Amino acid sequence: MCQSVRFIVVRHAESVWNQQGILQGQLESPTSARGLRQIDALLGALNDYTFSAVISSPSQRALTTARAIAQHHSAPLHLDSRLHEQHLGRFQALTATQITQHDPVSGAALLAGDVAAVPPGGESVLDAANRLHQALLGWEARNGTCVCVVTHGNTLAGLLWLLHGADFQQPFTRYSPPNCSFSLLYRQDHTLRTETWGQATHLLRDNLL
């Protein structure tokens, strides 16, 4: 029997380091005041969905968003480390300017959207996207259910790049989603496809983009 699952994949709300232009990777940074307002707007946008579960990256900035969704929808919350952000190695806690000063070659490749670029001591966006892909393909759910997934910017952008043809000439940053936007993905058996991505109209009303 064909098993179909819809995933609503959310990039977490804005963090303090997002606001300051600092690359977090797998380090922690709390949700900003604007991020909390983004969550309120997101909850309204997701009112028409019924979630059988909410799956989240273990990062605190993702959990702040995921817990709000789980509570609002009375859905169980699960953690999965495969949803974590790309590990940026020695680039973590640096701004884009500091990264290019620290390592001009590797830094420029990452910032240009090279999906295969590996930061010193870290992992590529492609690696991060593949672990998110495997997590969604492997999630056990009843046929026809809808699951909310809370993850991170580079990891989700990499997955969207994979699902839109995996063209290595195309930068993954083309698919970078705004904080607290969401994408609709559909899994049929062992195939995942995109329905829509980067939905953020709920953030426009209060200038939260």
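Student: In which helix is the place of Thr 155?

Tutor: Thr 155 lies in helix 7, residues 153–163 (helices, H or I of at least four residues, and strands, E of at least two, are DSSP runs numbered from the N terminus). The model is predicted, with local features needing pLDDT of at least 70 and side-chain atom pairs pLDDT 80 or more, while totals for chains, interfaces and linings use all residues. Residues are numbered from 1 along each chain as its sequence is written, and side-chain values use heavy atoms, without hydrogens or water.

Student: Why is Thr 155 called buried?

Tutor: Its relative accessibility is 0%. Buried means under 20% relative accessible area, with over 50% exposed and partly exposed in between (1.4 Å probe, protein chains only). Thr 155 therefore counts as buried.

Student: What does the side chain of Thr 155 reach at 2.9 Å?

Tutor: The side chain of Thr 155 reaches the backbone oxygen of His 84 at that distance, and the backbone nitrogen of Gln 86 at 3.1 Å. A polar contact is a pair of N or O atoms within 3.5 Å, one able to donate a hydrogen and the other to accept it within protein; residues adjacent in sequence count only if both atoms are side-chain atoms.

Student: Which residues does Thr 155 touch, not counting residues up to four places away in sequence?

Tutor: They are His 84, Glu 85, Gln 86, Ala 128, Ala 129, Arg 131 and Leu 132 (contact means heavy atoms within 4.5 Å).

Student: Is Leu 156 buried or exposed?

Tutor: Leu 156, also found in helix 7, has 1% relative accessibility and so counts as buried. Beyond its neighbours within four places in sequence, Leu 156 is in contact with residues including Val 9, Arg 11 and Ser 183.

Student: What does helix 7 pack on?

Tutor: The sheet has six strands in the order 4-3-6-1-7-8, is open, and its pairing is mixed. Its edges are strand 4 (77–79) and strand 8 (191–199); each has a single partner strand, so one side of each has no neighbour in the sheet. From one strand to the next, the twist averages 25°. Helix 7 packs on this sheet, touching strand 1, strand 6 (145–151), strand 7 and strand 8, and its direction makes about 125° with that of strand 8 (axes are lines fitted to C-alpha atoms, for helices over the stretch in contact, and angles run from 0 to 180 degrees between N-to-C directions).

Student: How do you know that strand 1 and strand 7 pair?

Tutor: Two strands pair if DSSP finds at least two bridges between them. Strand 1 (residues 4–11) and strand 7 (residues 182–188) have seven, in the antiparallel sense. In strand 7, Tyr 186 is the bridge partner of Arg 6.
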